[in-house]
Amino acid sequence: MQRTKLVAGNWKMNLLQSTGSALVEAFLQKVELRQDVDVVVCPPYTLLGRLREELRRSHIHLGAQDVFWAEEGAFTGRVSPKMLADLGVSHCIVGHSETRGRFGKLETAENTLGFFAETEETIALKIRALFFHSIEPILCVGETLAERQAGQTEAIIAKQLEGALSGFDAAELFFFVVAYEPVWAIGTGETCATEEAERICEFIRDWFRTKFGDPDLPDHIRILYGGSVKSVNAKELFSQPNIDGGLVGGASLDANEFAKIVASA
Ligand code: PGA
């Protein structure tokens, strides 16, 4: 089955109104949008409203980087899926290693890690809440360097998938997006070797086959690779049979680079 490629830019905690708008404008001038590639831009919450206006005439989708699961109420500092839907958000990252508190190189004081304490249970709640508003989750999974060195890569990924998705039916997951993001490759400049990224993405597809027993489901799931994707490695990564595009951090902040990465898909 031919799956539509997807390239998502995760701006993380970067850019202000002026610089965010300038980036989008430059990107729109350089990018050649095609029917067979979905492009998603995930700015910080503060820029969603403004970017919605700027992306209105393009076919680029607007994504958020995180969400809370309740609809509204006394949850200081949180943003609900209802609020995202109101802003025209169509995609939302969940379970990113940074919101799970699993960092590659960034030094984070041990006593502040609790702030990033996303768990499999909260991820499952977020996915359910996003589905309710027809927002497509992009579920991130991936192992740390220590877990890889201990030979636990597949076990960790299976645990993350199981924890986030075991309460769902196959029918709910037909348009689901998973991003394989090895923690040690995020923002470090170290990319996972193409064959290894493909092997793990195939493992993820097989997990859906075994878990849900629906023979059609695995062919519909889009699996992205993320972790130091750049224009020089995107083409090779995206041409693998089980890699359906990328989740791009640092390189999505450069209009030229991001346009080239989209062109590689
Ligand atoms: P990176 O980030 O491309 O800067 O490695 C990827 C991500 O965290 O989604």
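Start at Leu139. Leaving aside residues up to four places away in sequence, Leu139 touches Val94, Arg100, Ile123, Ile127, Leu161, Ala164, Leu165, Phe176, Val177, Val178 and Ala179. The model is a predicted one.

The largest nonpolar core holds 67 residues, and Leu139, Leu161, Leu165, Ile204 and Phe208 have the most contacts inside it. Helix 7, residues 194-212, gives the largest share of this core, with seven residues.

Now step back to the whole protein. Its secondary structure comes to ten helices and eight strands. The radius of gyration is 17 Å, close to the 18 Å that the globule rule gives for 265 residues, so the protein is as compact as a globular protein of that length. Along the principal axes, the C-alpha atoms fill a box of roughly 45 × 45 × 40 Å. Of the 265 residues, 53% count as buried. Contacts also reach across the sequence. Take those between residues at least 6 apart: 72% of them join residues at least 24 apart.

Ala64 lies in strand 3, which spans residues 61-64. Is Ala64 buried or exposed? Ala64 has a relative accessible area of 1%, under the 20% limit, so Ala64 is buried. Which residues does Ala64 touch, not counting those up to four places away in sequence? They are Cys42, Tyr45, Leu48, Leu84, Val89, His91, Cys92 and Ile93. Gly250 sits 186 residues from Ala64 along the chain, and the C-alpha atoms of the two are separated by 16 Å.

Next comes the empty space. Rolling a probe the size of a water molecule over the atoms shows where such space is left. The largest pocket contains about 1,300 Å³ of space. Its lining is made by 49 residues. Lys12, Gln65, Glu98, Thr99 and Phe116 lie nearest the centre of the pocket. Helix 4 (120-132) and strand 8 (245-248) are the elements that give two or more residues to this lining. What classes of residue make up the lining? There are 22 nonpolar, 17 polar and ten charged residues.

Terms used. Residues are numbered from 1 along each chain as its sequence is written. This is a predicted model: local features need pLDDT of at least 70, side-chain atom pairs count only at pLDDT 80 or more; totals for chains, interfaces and linings use all residues. Side-chain values use heavy atoms; hydrogens and water are left out. On a 1 Å grid over the protein atoms alone, a cavity is a set of points where a 1.4 Å probe fits but cannot get out, and a pocket is an open set with protein on both sides within 12 Å along at least five of seven lines; lining residues have an atom within 4 Å of a point. Grid points are joined across faces, edges and corners, and a volume is the space filled by probe spheres set on the points. Helices (H or I, at least four residues) and strands (E, at least two) are DSSP runs, numbered from the N terminus. Ala, Val, Leu, Ile, Met, Phe, Trp, Tyr, Cys and Pro count as nonpolar, Asp, Glu, Lys and Arg as charged, and the others, Gly among them, as polar. A nonpolar core is a set of buried Ala, Val, Leu, Ile, Met, Phe, Trp, Tyr and Cys residues joined through side-chain atoms within 4.5 Å. Buried means under 20% relative accessible area, exposed over 50%, partly exposed in between (1.4 Å probe, protein chains only). Contact means heavy atoms within 4.5 Å. The radius of gyration is taken over C-alpha atoms; the globule rule is 2.2 Å times the number of residues to the power 0.38.
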